[in-house]
Amino acid sequence: MAIATTDKTQGSVNTMSKVNPRIQIMKDNLFKDKRQISIERALLYTESHKQTVGEPVIIRRAKAVAYILENVTISIREGELLAGNRTVRPRSGILSPEMDPYWIIEEMDTIDSRPQDQFEFTEEDKKIYLEELYPYWENQSMKDFIVGQLTDEINDALKDEVFKLNQTDKGQGHIIMDFPAILEKGVQYYIDLLQDLAEEQPENDFFLAGLIVFKAMKAHFLRYAGLAEKMAETEPVEQRVTELKKIKQMCEKLSTEKPDTFYEALQLLWMTSIVGQYESNASSLSLGRMDQYLYPFYKKSQDEGVPEEFLYEVLGDFYIKTNDVVLLRSESSAKCFAGFPTGYTVVLGGIDSFGRDSVNSLSYMMLELYHEILLPQPNLSVRMNELIPRKFLLKTCETIRLGTGIPQLFNDEVIIPGFLSKGVSLDDARDFATVGCVEVSIPGKTYGLHDIALFNLLRIVELSMYELRGTKGMTYERLLENIQQKIQYYVGLVAEGSDIVDLGHRHYAPTPFLSVLIEDCIKNGKDVTEGGARYNFSGVQGIGEANLSDSLYVVKKMVFENKEMTFDELVDAMESNYSGKYASLQEHVIQDFDKYGNDNDEVDDIAAEIFRFYAKELEKYQNVRQGQFIPGAYTVSAHIPLGEAVGATPDGRKAGEQLADGGLSPMVGRDRLGPTAVLKSVSKLDNYLTVNGSLLNLKFQPNTLKGHQGLNKFADFLMAFTKLKIQHVQFNVQSKETLLDAQKHPEKYSGLLVRVAGYSAFFVDLNKKIQDDIIARVEHEL
């Protein structure tokens, strides 16, 4: 099936144990051309929208998606075994002017040369956008609604960059559809069910909207069946003719019947994902626990004698296709989500509904296959718990040793109790998976708005310190009190702003197809945006814990205990950006005061106290879907732009410098006592509170994981992570020398993957600031 080789695109960094010729051809074709903007979906959506004036929004939305599925150009690419591509040209970015038509106008002449995530935009397509699309959507987009609803107070907070509202320019993702249900029942089941419900309750537009899209999905399958048949007529290679005929037969079957084989299940799974993408054009329509719901199909195909090589190939096809979907974002958004993190997140392992280990043979195969794929997607995750088989843990360690940052790890021992505290049932909590980067969710049952806002806690500290300058009898306790008051005030505003975005999606971008595949929406007769899902959360990330604790520890020790300088003098030093007479102070506060990440209780407890206050304050608010606001602690790659919004701080940061990466990671370069000390520091935060997800980055010397002994030491380290009840951890296993050489000679490292935040990306695709951040992270050893 394969031979030992080295992937030449990796600059001799990552070695592959296998090369499957079909998989290699598909990989090569995926990256052959530059990324380009596609306006086809936008044109089709707009054509339909013009024909449905006066109809209910959810019906207009459904008809627009159906029109796309009926008319979009389709293709089956060389070597593909699975049908379904979002665009004919690989890795094209798709515009959604119905969400936000404005940012592309401002950036259309710079998008091919901007610092991060460049796309070609042809002059012909620019002309169409300017003359047809923009004039139609101006003043009637979702963005217009959101901007028009924001209060002066919210706008002031946004200008002060205390928080950032997300999901204002595209459809809603960060959700996992009920894939087990559609695989068990098939497309026709939903058509029949929705037909009956639409006839029984003709006043309920949700049922009719869902029916419209599911019928279009059926027709889309038949379009691919027809294409495969036509291609087979002129295909000169007999093996490919056979493959195309099988694709035709399979697409015809899945248009009316449920899948029976592993191949058919993967085809329906992928087509369901593609229809969701056409509807939402959103990040993180994630895939959930694939090794669990696909295992019965995998085992059946094995038992029926289907060659293992074929099962491997078709799953490899699926893996590669997840890399075909890249997200088109504005320049400011691309800074926060650098490297096209699409969010095809997959979870392996974990416990089952009985509380038993659920690792199976497909779990192993999915990790093994990744050793050949070596691409950013799927974003594999492994669920850790005290029952994890040592063999599977070592396989996980082997995969991490590849150096791509995949898989990331999530801890059942803390996440399940966290969900229980939010009213999630035990069975549902045990079935959790990840969406997007590191957000945790209940598959097929949750609409969580997991990435609705970023809340900059360090900016709160900065504002408080300037406000209190000149206060007589200033104390550390007074500073903490002021910080808490500001958190209370701004949390109220971020909740209000998030609700406005939430309502924007309800009024402008309902998702009937996705909603049909979220449990309780059919029972409630409601779209997810109306509150139809079983669980309804809104997730706001509290950011800057490491810098906050380091800063307040300096204030406490240097100003109020050691009395080396006054509070006002420290604020003056911040205002001067550690220049002039304060030039030597920066080195002093960096080197001579303990830092978060080194297992110092006094420092770590500051982060724990402030984050707990923030989390409890946020939890007081109910969203417009009658669900709860929940806190997270992760930055994606926003620690760079969020740092640009903060002036110099007491921890020694200069104005505009980055914040600590990840979310719960120590400030870059300041975790000096090794990786176990980092774990001990993070464990002191109340990790049960971060129900929306948290992020811990660690970087290891490649030699640390070398050989059998290295793997076993690393496996023991991961079990320590599990026992310490930390929610998440992920790793870069690349040497500083390799990364510096890749920065200097990017042409030699086009395929080098690194962990950025809750996702991996090609190192050479990242802008220099993010590259420098990854290079500067401390390389630990065990």
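I started with the salt-bridge network: Asp428, Lys445, Glu519, Asp520, Lys523 and Arg534 are linked in it. For my own notes, a salt bridge is a side-chain nitrogen of Lys or Arg within 4 Å of a carboxyl oxygen of Asp or Glu. This is a predicted model, where local features need pLDDT of at least 70 and side-chain atom pairs count only at pLDDT 80 or more, while totals for chains, interfaces and linings use all residues. Residues are numbered from 1 along each chain as its sequence is written, and side-chain values use heavy atoms, with hydrogens and water left out.

I then looked up the count, and by this rule there are 56 salt bridges.

Next I checked Arg240 and Glu243, whose closest N and O atoms are 2.9 Å apart in their salt bridge. They sit three residues apart in helix α11 (residues 238–254), so about one helical turn separates them. Helices here are DSSP runs (H or I, at least four residues; strands are E, at least two), numbered from the N terminus.

I moved on to Glu462, which forms a salt bridge with Arg459, the closest N and O atoms lying 2.7 Å apart. Helix α21 (residues 457–468) holds both, three residues apart, so again about one helical turn lies between Glu462 and Arg459. Glu462 is buried at 7% relative accessible area, and Arg459 counts as buried at 13%.

Last, I looked at Arg670 and Asp651, a salt bridge with closest N and O atoms 3.9 Å apart. Both residues are in the loop between α29 (639–644) and α30 (675–683), 19 residues apart, and the pair links distant parts of the chain. I noted both Arg670 and Asp651 as buried.

Technical notes:
Buried < 20%, exposed > 50% of the residue type's maximum accessible area, 1.4 Å probe, protein only.
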